[in-house]
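Here is a friendly briefing to read with the model open beside you.

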Amino acid sequence: MQASEQCDAVVVGSGPNGLAAAVVLARAGLEVRVYEAQGTVGGGARTLDLGLAPGIVHDICSAVHPMAAASPFFRAFDLAARGVRLTYPDVSYAQPLDGGRAGIAYRDLDRTVEGLGADGPAWRRLMGPLVRHSPAVVDVALFDRRSLPPDLLTAMQFGLSMLEQGTGLGRRRWKDDVAPALLMGVAAHAIARIPTLTAAGTALSLGALAHSPGWPLPVGGSQAIVDALVADLEAHGGSVHPGVEVVSMTQLPKARAYLFDTSPWILAGILGEQLPHGYRRAVERFKAGNAAAKVDFVLSGPVPWAHPEVRRAGTIHVGGTLAEMSHAEAEVAAGRHAERPMILASDPAVFDPGREVGGLRPFWTYAHVPAGSTVDVGALVQAQIERFAPGFGDLVVERHTIPAAKMADHNANYRDGDIAAGAMNLWQIFARPTLRWNPYATPVPGVYLCSASTPPGPAVHGMGGLYAAKRALRTRFGIRRVPSLAP
């Protein structure tokens with residue numbers, strides 16, 4: 001790569017947001033180049049052979065994609081028309097409990113309500129209005145935090161429910177311990193204390209999508225989404241250059257716009273003295289979040305969950321009761337490892353038989369740990385799953401752990417294991433990474449941030465890339481109309 005080369009736009013980082021930005025710019029007729037430090041493309045949506053068993057591939061970051069299915073960017077992009085098959089489990093997610101009990105979130109709201117017994121009506125009152133207006137809930141979850149959501153009534157209802165479930169008031173709604181555990185297991189995706197307002201917002205938005213349209217898994221793994229984005233980019237003249245770690249602007253071609261699908265800390269390092277002191281100080285104040293450690297298994301059969309319906313779930317939240325999850329997340333926030341950590345898990349071969357090779361299958365898990373942890377939590381994770389799936393250990397053929405401190409080795413944005421690229425607290429939902437009217441533009445002309453460190457935050461939805469690309473098109477190229485994303 002020669003710095004003297006020229007193009008219209010450069011994107012640094014090939015995660016879903018970076019690729020979304022590149023696709024939008026390329027479709028506007030611009031020459032776009034994407035540079036990626038890793039040898040493979042996709043950032044937080046890659047599927048790789050880890051060498052644990054012949055033919056077995058693992059989603060090394062994200063695996064289940066409710067936001068990709070619901071995102072305005074991906075709806076316009078139309079993954080299905082591009083050959084990406086999304087499979088929707090009848091059970092979106094489950095919460096196993098001791099004694100063979102479990103909370104089961106079916107795609108069918110009525111069936112979920114029926115299974116929750118005495119708390120079923122309360123679940124319907126909470127989730128029913130959000131499910132009926134799930135597109136508006138998506139707007140609330142994925143808007144740019146600088147404009148008003150189109151459906152203000154649904155936004156207000158969502159806010160009131162978030163206030164209830166994010167405080168001690170939420171417990172008054174329930175009579176039993178299954179429903180609150182089922183709901184707050186979803187809140188754990190925020191990797192924050194439970195309950196908090198932001199964790200409740202995560203639970204309500206993803207919970208509504210669980211019933212409409214569901215939580216899909218891409219057939220073949222998350223890489224299918226990335227491959228579709230790359231194919232479209234290349235079809236419109238763009239190019240992707242893996243294996244190029246950018247540490248200075250002098251490495252990059254001359255361009256009119258630079259978009260960074262990186263954390264703000266990485267961006268600050270690349271810009272160096274070009275970045276004004278005030279913005280640099282604001283970036284330094286941007287708080288990292290709690291962490292996750294990745295544990296990948298190779299199993300000789302499906303997980304033998306004690307509750308049979310858990311075996312049909314695309315995602316399993318392994319943490320026990322609300323009280324147990326609250327304790328585990330509080331331990332992590334205090335910098336301690338929980339004896340029984342909060343775990344997110346998925347057994348993709350249940351819904352995608354092609355993921356099983358020679359009788360072996362991948363099993364995907366994340367465990368919440370303190371930031372920067374160097375601990376191998378593989379045994380803890382295995383024991384916690386065994387608690388709800390007796391005999392699980394007998395199926396384990398291989399186990400591979402990436403401690404939080406090593407997560408950045410395969411994705412530089414995951415500093416100290418922070419897979420959200422910045423804490424998801426109430427302040428940083430809006431001040432992400434700084435409190436600016438245009439959070440995507442930096443003080444350096446033509447330089448934009450488009451990662452999960454910008455609104456609307458983490459998940460595979462492409463919206464950070466879309467929002468940043470729209471602003472770059474308008475201010476750098478005078479293009480006000482966003483090009484069609486249709487195939």
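What follows is a short tour of salt bridges, cysteines, a helix, cavities and a pocket.

This is a predicted model. The count of salt bridges comes to 20, while the count of disulfides comes to 0. The structure also holds 4 cavities of 30 Å³ or more.

**Salt bridges**

- Side chains of opposite charge can pair when their charged atoms come close.
- Arg 27 and Asp 232 meet through their side chains in a salt bridge, at 2.8 Å from N to O. Because Arg 27 lies in helix H1 (residues 16–27) and Asp 232 in helix H10 (residues 223–235), this pair ties together parts that are 205 residues apart in sequence.
- Arg 27 and Asp 232 are both buried.
- Another salt bridge joins the side chains of Asp 90 and Arg 312, at 3.3 Å from N to O. Asp 90 sits in the loop between strand S5 (86–87) and strand S6 (91–96), and Arg 312 in the loop between strand S11 (291–299) and strand S12 (313–318), so the pair ties together parts that are 222 residues apart in sequence.
- Are Asp 90 and Arg 312 buried or partly exposed? Asp 90 counts as partly exposed because its relative accessibility is 44%, and Arg 312 counts as partly exposed at 27%.
- Glu 331 pairs with Arg 336 in a salt bridge whose closest N and O atoms are 2.8 Å apart. Glu 331 has 15% relative accessibility and so counts as buried, whereas Arg 336, with a relative accessible area of 43%, is partly exposed.
- One network, made of salt bridges that share partners, joins Asp 90, Arg 111, Glu 309 and Arg 312.

**Cysteines**

- A disulfide is a covalent bond between the sulfur atoms of two cysteines.
- Cys 7 counts as buried because its relative accessibility is 8%.
- Cys 61 is in no disulfide either, and its nearest cysteine sulfur, that of Cys 450, is 16 Å away. With 1% relative accessibility, Cys 61 counts as buried.

**Helix H8**

- How much of helix H8 (residues 178–187) is buried? Helix H8 is mostly covered, with 10 of its 10 residues buried.
- Among the buried residues of H8 are Pro 180, Leu 183 and Met 184.

**Cavities**

- Rolling a probe the size of a water molecule over the atoms shows where empty space is left.
- The largest cavity has a volume of about 80 Å³.
- Which element gives the most to the lining of the largest cavity? H8 does, with 3 residues.
- The lining of the largest cavity has 6 nonpolar, 3 polar and 1 charged residues.
- The second largest cavity contains about 40 Å³ of space. Lining this second largest cavity are His 58, Asp 59, Asp 296, Pro 348, Arg 355, Pro 362, Phe 363 and Trp 364.
- Strand S4 (58–59) and strand S14 (361–369) are the elements that give two or more residues to the lining of the second largest cavity. S14 gives the most, with 3 residues.
- By class, the lining of the second largest cavity divides into 4 nonpolar, 1 polar and 3 charged residues.

**The second largest pocket**

- The volume of the second largest pocket is about 220 Å³. Its lining is made of 16 residues, of which Ile 191, Ala 192, Asn 290, Ala 423 and Met 424 are the closest to the pocket's centre.
- What classes of residue make up the lining of the second largest pocket? There are 7 nonpolar, 6 polar and 3 charged residues in the lining.

Definitions and conventions: Residues are numbered from 1 along each chain as its sequence is written. This is a predicted model: local features need pLDDT of at least 70, side-chain atom pairs count only at pLDDT 80 or more; totals for chains, interfaces and linings use all residues. Side-chain values use heavy atoms; hydrogens and water are left out. On a 1 Å grid over the protein atoms alone, a cavity is a set of points where a 1.4 Å probe fits but cannot get out, and a pocket is an open set with protein on both sides within 12 Å along at least five of seven lines; lining residues have an atom within 4 Å of a point. Grid points are joined across faces, edges and corners, and a volume is the space filled by probe spheres set on the points. Ala, Val, Leu, Ile, Met, Phe, Trp, Tyr, Cys and Pro count as nonpolar, Asp, Glu, Lys and Arg as charged, and the others, Gly among them, as polar. A salt bridge is a side-chain nitrogen of Lys or Arg within 4 Å of a carboxyl oxygen of Asp or Glu. Helices (H or I, at least four residues) and strands (E, at least two) are DSSP runs, numbered from the N terminus. Buried means under 20% relative accessible area, exposed over 50%, partly exposed in between (1.4 Å probe, protein chains only). A disulfide is a pair of cysteine sulfur atoms within 2.5 Å.
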